[in-house]
Amino acid sequence: MITKLGGVSAEDDAPVPPDQIPAAVTAGLLVYTDGATQAFDPDGATRYVEGGRESEGTWSVDENGRFCSFWPPSFRASYDLRWMVDEGRVVGLRFSDLGSGALFEGRYQ
């Protein structure tokens, strides 16, 4: 288990409660199925690396308890955030884009 999550107990594909989103995204580096990585900082900064190219953006939790990201100059997205649990251990997060329906799975490294 990722120790920064403080022993959170979750079921696979259960929604991440809004009050746990900051801890969930900042718990560790996420590695996506395509090999891209993403780090989230407690101050709201995020870095995404794909194919050796890094981009920087910001993240937040909106008034509806949704995870949101902003990538300059103008890309904004909101996501449902769900736990990935394997054999009773939280191993990552699923991001479901509310606009496009695209699903991204990231495992903690």
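Three strands, β5 (67-71), β6 (75-86) and β8 (103-108), each supply at least two residues of the lining of the largest pocket in this predicted model, where strands (E, at least two residues) and helices (H or I, at least four) are DSSP runs numbered from the N terminus. The largest pocket has a volume of about 330 Å³ and is lined by 15 residues, of which Y32, Q38, Y48, Y79 and F104 lie nearest its centre. A pocket here is an open set of points on a 1 Å grid over the protein atoms alone, where a 1.4 Å probe fits and protein lies on both sides within 12 Å along at least five of seven lines, and lining residues have an atom within 4 Å of a point. The grid points are joined across faces, edges and corners, and the volume is the space filled by probe spheres set on them. By class, the lining has 9 nonpolar, 4 polar and 2 charged residues, with Ala, Val, Leu, Ile, Met, Phe, Trp, Tyr, Cys and Pro taken as nonpolar, Asp, Glu, Lys and Arg as charged, and the others, Gly among them, as polar.

Residues are numbered from 1 along each chain as its sequence is written. Because the model is predicted, local features need pLDDT of at least 70 and side-chain atom pairs count only at pLDDT 80 or more, whereas totals for chains, interfaces and linings use all residues; side-chain values use heavy atoms, with hydrogens and water left out.

**Q38 and T46**

Q38, one of the residues nearest the pocket centre, is found in strand β2 (residues 37-40), and T46 is found in strand β3 (residues 45-50). The side chain of Q38 makes polar contacts of 2.6 Å with the side chain of Y32 and of 2.9 Å with the side chain of T46, a polar contact being a pair of N or O atoms within 3.5 Å in which, within protein, one must be able to donate a hydrogen and the other to accept it, and residues adjacent in sequence count only if both atoms are side-chain atoms. Setting aside residues up to four places away in sequence, Q38 touches G28, L29, L30, Y32, T46, R47, Y48 and W71, where contact means heavy atoms within 4.5 Å. With the same exclusion, the residues that T46 touches include A39, F40, W59 and W71. Between Q38 and D12, which are 26 residues apart in sequence, the C-alpha to C-alpha distance is 21 Å.

**Accessibility of selected residues**

In the table, buried means under 20% relative accessible area, exposed over 50%, and partly exposed in between (1.4 Å probe, protein chains only).

| Residue | Relative accessible area | Class |
|---|---|---|
| T46 | 1% | buried |
| Q38 | 7% | buried |
| G65 | 18% | buried |
| D80 | 23% | partly exposed |
| D13 | 37% | partly exposed |
| E87 | 78% | exposed |

Beyond four places in sequence, L93 touches V16, A24, V25, L30, L81, R82, W83, M84, F104, E105, G106 and Y108.

G65 lies in the loop between β4 (53-61) and β5 and, leaving aside neighbours within four places in sequence, is in contact with P18 and I21.

**Backbone geometry**

The peptide bond from P72 to P73 is cis, with omega near 10 degrees, and P73 is placed in the loop between β5 and β6. Positive phi values occur in D13, at about 70 degrees although D13 is not a glycine, and in E87, likewise not a glycine, near 50 degrees. D13 belongs to the segment before α1, while E87 is in the loop between β6 and β7.
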